[in-house]
Amino acid sequence: MSGNKHKSSCDVAGTAKKCQAIMVETKVKIIEGVEQGEKMVDIACSYNLNHSIIGTILKNKDKIMEHVKSAVLMMSTIISKKSGKVMEEMEKLLSAWIQDQHQHQVLLSLMLIQEKTKRLYEDLKKKHGEESEGTSFNASHVWFHWFKARAKLHK
């Protein structure tokens, strides 16, 4: 060949590929495709990526797969920490109490809400008996932040 650069069938003459973020899921699919015997060039075409990017993904395969593993473990931890019956009931009662206080135009502080939350939780633990023994609950700032999001409270 006389100096002509070979273009694959997926290249478009005169166009440069823009920098783009590649989702972890896509990287995993690329890794799986190569491991199943697919050619790097074919994978590059199907994802509209330069073949050197595929090479970089494969080079970082261990890091990518470790990230995926840790993300799965994190998700399973969150799922296993789903609130029990006592927490669900307590959050419903707390939400109703906050709504009632809001309707009566009572100003609520975080400390007041935390105290009410702890009282509700302890009362419900006693009501449900053995089912909830051994679990402790601290109405922390972090818990309150997530409660506000779940209950769709803005203030």
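Buried means under 20% relative accessible area, exposed over 50%, and partly exposed in between, using a 1.4 Å probe and protein chains only. This is a predicted model, where local features need pLDDT of at least 70, side-chain atom pairs count only at pLDDT 80 or more, and totals for chains, interfaces and linings use all residues. Residues are numbered from 1 along each chain as its sequence is written, and side-chain values use heavy atoms, with hydrogens and water left out.

**Exercise 1.** Work out what share of the protein counts as buried.

Step one: take the 155 residues of the protein. Step two: apply the cut-off, and 23% of them count as buried.

**Exercise 2.** Take apart the largest nonpolar core.

A nonpolar core is a set of buried Ala, Val, Leu, Ile, Met, Phe, Trp, Tyr and Cys residues joined through side-chain atoms within 4.5 Å. Here the largest has 16 residues, and Met-90, Leu-94, Ile-98, Phe-137, Trp-143 and Phe-147 touch the most other members. Next, find the suppliers: α5 (85–103), α6 (110–128) and α7 (141–151) each give at least two residues. The largest share, six residues, comes from α5. Finally, a separate core of ten residues lies apart from this one, with Val-28, Ala-44, Ile-54 and Ile-64 among them.

Key: Helix = DSSP H or I, 4+ residues; strand = E, 2+ residues; numbered from the N terminus.
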